[in-house]
Amino acid sequence: MKILVCITHVPDTTSKIQFTANDTKFDTTGVQFIIGPYDDYALARAVELRDQTGGTLTALNVGEVETEPTLRKSLAIGADDAIRVNSFPKDSFFVAKQIAHYAKEGGYDLILMGRESIDFNGGMVHGMVGELLGIPSFSPVMKLEVEGSTVKMAREIEGGKELLEAQLPLIAGCQEPIAEWKIPNMRGIMSARTKPLKVVEPVSQETQAEASSYQLPPAKGSVKLIDKDNVVELVRLLKNEAKVL
């Protein structure tokens, strides 16, 4: 079985975010980048499935040269080889076009990625790739087992979970607890240096959306403490100030 895992290159969740050029560009100065946490789950499950089936596992990222350390980490965790599409990930549609092209060209049976990236949180790429390739796409997937050409999944839905079966090839947007994150060991880190990382040019520059500006969320407001027995005052504040009643 040939598995493709799509990796995002995102700021660490502890990073302090700032913008430049009149709030039109993200300032990367001093920011630590990591594999997207949901992609980490997808990669961990892909390594397990590759080991079970004796197949191959390729990691793919759409990004410029600064994303290569992130791709190398995926190789250290267990990917056999990697592809970097040499372009800034302009929007979800642009990224999906690149993934769909190389997935079709490589004849992959299973495409895994995170349910969403943690920078833009769009959660659209897996669905777009499925549409472009004409194959099923499921998200968010909490459990995934492969038996021959049949894939059994548990998907999170409002108020519970849904059990599904589908045939390969397919796409899954993954989340916890599909697998435990894997930390690269020294052997993996050393082998990642010699594993192939192929750089390719984008097949299309077509985009559907463009960010015009960014802004930070508003600062947290002050907190009013109400005595637990003062129900009348609590209701008044919720109704007249918070306006949630």
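The questions below ask how some descriptions of this predicted model follow from its values.

Local features need pLDDT of at least 70, side-chain atom pairs count only at pLDDT 80 or more, and totals for chains, interfaces and linings use all residues. Residues are numbered from 1 along each chain as its sequence is written, and side-chain values use heavy atoms, with hydrogens and water left out.

Q: Why is His 126 called buried?
A: Buried means under 20% relative accessible area, exposed means over 50%, and partly exposed lies in between (1.4 Å probe, protein chains only). His 126 has a relative accessible area of 7%, so His 126 is buried.

Q: Where is His 126, and which residues does His 126 contact beyond its neighbours within four places in sequence?
A: His 126 is in helix 4. Helices (H or I, at least four residues) and strands (E, at least two) are DSSP runs, numbered from the N terminus. Contact means heavy atoms within 4.5 Å. With neighbours within four places left aside, the contacts of His 126 include Met 113, Arg 115, Ser 137 and Ile 171.

Q: What makes Ser 137 partly exposed?
A: Its relative accessible area is 28%, which is why Ser 137 counts as partly exposed. Ser 137 lies in strand 9. Ser 137 and Gly 173 are 36 residues apart in sequence, and their C-alpha atoms are 7.8 Å apart in space.

Q: How do you know that the buried residues of helix 4 are on the same side?
A: In helix 4, which spans residues 125–133, Val 125, His 126, Val 129 and Gly 130 are buried. They cover an arc of only 135 degrees around the axis, so they are on the same side of helix 4. The arc is that of the directions from the helix axis to the C-beta atoms. An α-helix has 3.6 residues a turn, so residues three or four places apart point the same way.

Q: What do the buried residues of helix 4 pack against?
A: They pack against helix 3 (92–106), strand 8 (110–114), strand 9 (137–147) and strand 12 (170–174).

Q: Why are helix 3 and helix 4 called oblique to each other?
A: They pack at an angle of about 50 degrees, with their axes 8 Å apart. Axes are lines fitted to C-alpha atoms, for helices over the stretch in contact, and angles run from 0 to 180 degrees between N-to-C directions. Angles under 35 degrees count as roughly parallel, over 145 as roughly antiparallel, 65 to 115 as roughly perpendicular and the rest as oblique. Helix 3 and helix 4 are therefore oblique.

Q: How do you know that Cys 6 is in no disulfide?
A: A disulfide is a pair of cysteine sulfur atoms within 2.5 Å. The structure holds zero disulfides. For Cys 6, the nearest cysteine sulfur is that of Cys 174, 10 Å away.

Q: Are Cys 6 and Cys 174 buried or exposed?
A: Cys 6 counts as buried at 6% relative accessibility. Cys 174 has a relative accessible area of 0%, so Cys 174 is buried.

Q: What is the phi of Ala 21, and where is Ala 21?
A: Most residues other than glycine have a negative phi, and most peptide bonds are trans. Phi of Ala 21 is near 50 degrees, a positive value in a residue other than glycine. Ala 21 is in the loop between strand 3 (19–20) and strand 4 (25–26).

Q: What kind of peptide bond joins Ser 139 and Pro 140?
A: The bond is cis, with omega about -5 degrees.
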